[in-house]
Amino acid sequence: MKKGFLLFVFLFSNLYLQAQDSVSLYSEVISINAKEKTLKITHDNSAPWTVDDSVCVTRASKDIACGIVISTEQDLATVQINSQLEEVNQDTAADSEGNYTQLTFDYPTPQKGDSIRLVDKSPSVGIRDLASELKSNQEFGGDKLTAKVYDHLKIPAPFVPESNLTAGFNLLFPTVEYQQTFTDHSAVGVMPIFMNYSVGDGSIKGSGCFFNYHYYSDGPLQGYWGKVGLGIYGLTYNYQTKEDGNVVPALSVMVGKRLFKNNNLNFGFGAGGQYIFANTQTGLSFNGFIPSLVVDVGFAF
């Protein structure tokens, strides 16, 4: 009788542990792409991740980064990080004027092996509601867990500089520009430019270079943009039988839009104008303004 009771207890305990295992959750970070702010993660063993699931990377029972599942494969899913936790460290320091409090800021970086938890699901799947509740109760402090930490993370990920090389046409003349971002919305560029412009019975020909500032509406190199540039031209003026040339400054203002086909290939278009401080003794009548209409293709890296 005693042996039968012990056997019953053993079988019951084994079935209970198997039931717990059947609903336990486990997903982890496999690799990190710091430039694109993406993570490769394993699927949750209760149900595969789906596109638009909201998830958080956790370490020591704390969310350090959160994002959205943007694609899935058989064994892995890709997460686009859109927020990271900012850690504030407080130290006491002293100088000649006395003691003061010194604050330092840091962003914990996701690493291979960090755990992944579900925050919100898409589409709605019943098992995900249960799975998320079990994970919170069992692994993140039970009822004492701060709810919806993800909703309160508003700190953007650290800025990663990007470059873009474009080639295109301004009206019918070729242009090339190299741009380098230095904030999420700002970039500087260097643009050689060529010109062959008809003015009445004459023409203006030459080449130059512009140093440009770009502002982008949607982030690094993306969205609507405005550009101002300062340049210099070496010009040759032809009017009837007369010809002369000189080096002159120029200004440029343009607006446009840049669209990305993927992470690297992008297309831009814009319109505006240049003002050239022309100075010629040929008698050519030129007011200094040349319209600009640019179409180009770019490669970001």
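Predicted model: local features only at pLDDT ≥ 70, side-chain atom pairs only at ≥ 80, totals over all residues.
The average pLDDT of the protein is 79, and 73% of the residues reach at least 70. Among the elements, strand β15, which covers residues 265-276, has the highest mean pLDDT, at 94, while helix α2, covering residues 126-139, has the lowest, at 46. There is a stretch, residues 124-155, over which pLDDT stays under 50, and for this stretch the model has 54 contacts beyond four places in sequence. Residues 18-24 also stay under 50, and there the model has three contacts beyond four places in sequence.

Now to the salt bridges, of which the count comes to four; I will go through some of them.

Arg117, with which I opened, forms a salt bridge with Asp63, and the closest N and O atoms of that pair are 2.9 Å apart. Asp63 belongs to strand β4 and Arg117 to strand β8, residues 115-120, so the pair ties together parts of the chain that are 54 residues apart in sequence. Asp63 counts as buried because its relative accessibility is 5%, and buried is taken as under 20%.

Another of the salt bridges joins Arg258 and Asp296, with 3.1 Å between the closest N and O atoms. Here Arg258 sits in strand β14, residues 242-260, and Asp296 in strand β16, residues 289-300, so that the parts tied together are 38 residues apart in sequence. Arg258 is buried, with a relative accessible area of 3%, and Asp296 counts as buried too, at 11% relative accessibility.

The pair formed by Lys40 and Glu73 has its side chains meeting in a salt bridge at 3.2 Å, N to O. It links distant parts of the chain, since Lys40 lies in strand β2, residues 38-42, and Glu73 in the loop between β4, residues 62-72, and β5, residues 76-84, with 33 residues separating the two. As for accessibility, Lys40 counts as partly exposed at 27%, and Glu73 counts as partly exposed at 45%.

A search of the whole structure finds one disulfide, formed by Cys56 and Cys66, whose sulfur atoms are 1.9 Å apart. The torsion about the S-S bond of this pair is about 95 degrees, and the disulfide is therefore right-handed. Cys56 is in strand β3, residues 54-59, and Cys66 is in strand β4, so the pair ties together parts that are 10 residues apart in sequence. Both cysteines are buried.

What, then, of a charged residue without a partner of this kind? Glu177, in strand β10, residues 173-181, is buried yet has no salt bridge, the nearest side chain of opposite charge being Lys227 at 4.2 Å. The salt-bridge cut-off is 4 Å, and I mention it here for reading that distance. The side chain of Glu177 does make a polar contact, at 2.8 Å, with the side chain of His214. Beyond four places in sequence, the residues in contact with Glu177 include Asn164, Thr166, Gly189, Met191 and Asn212, together with His214 and Lys227.

Strand β10 also holds Thr175, which is buried, with a relative accessible area of 8%. Its C-alpha atom is separated by 7.2 Å from that of Phe194, a residue 19 places away along the chain. Among the residues that Thr175 contacts, again leaving aside neighbours within four places, are Thr166, Ala167, Gly168, Met191 and Pro192.

That brings me to Ala167, which lies in strand β9, residues 163-170, and is partly exposed, with a relative accessible area of 41%. Ala167 and Glu177 are 10 residues apart in sequence, with 6.6 Å between their C-alpha atoms. Not counting residues up to four places away, Ala167 touches Thr175, Asp296 and Val297, and Asp296 takes us back to the salt bridge with Arg258.

Notes: Residues numbered from 1 in each chain as written. Heavy atoms only, no water. Helix = DSSP H or I, 4+ residues; strand = E, 2+ residues; numbered from the N terminus. Buried < 20%, exposed > 50% of the residue type's maximum accessible area, 1.4 Å probe, protein only. Disulfide = S-S within 2.5 Å. Lys, Arg positive; Asp, Glu negative; His and termini not counted. Polar contact = N/O pair within 3.5 Å; in protein donor to acceptor, adjacent residues only side chain to side chain. Contact = heavy atoms within 4.5 Å. pLDDT = per-residue confidence, 0-100.
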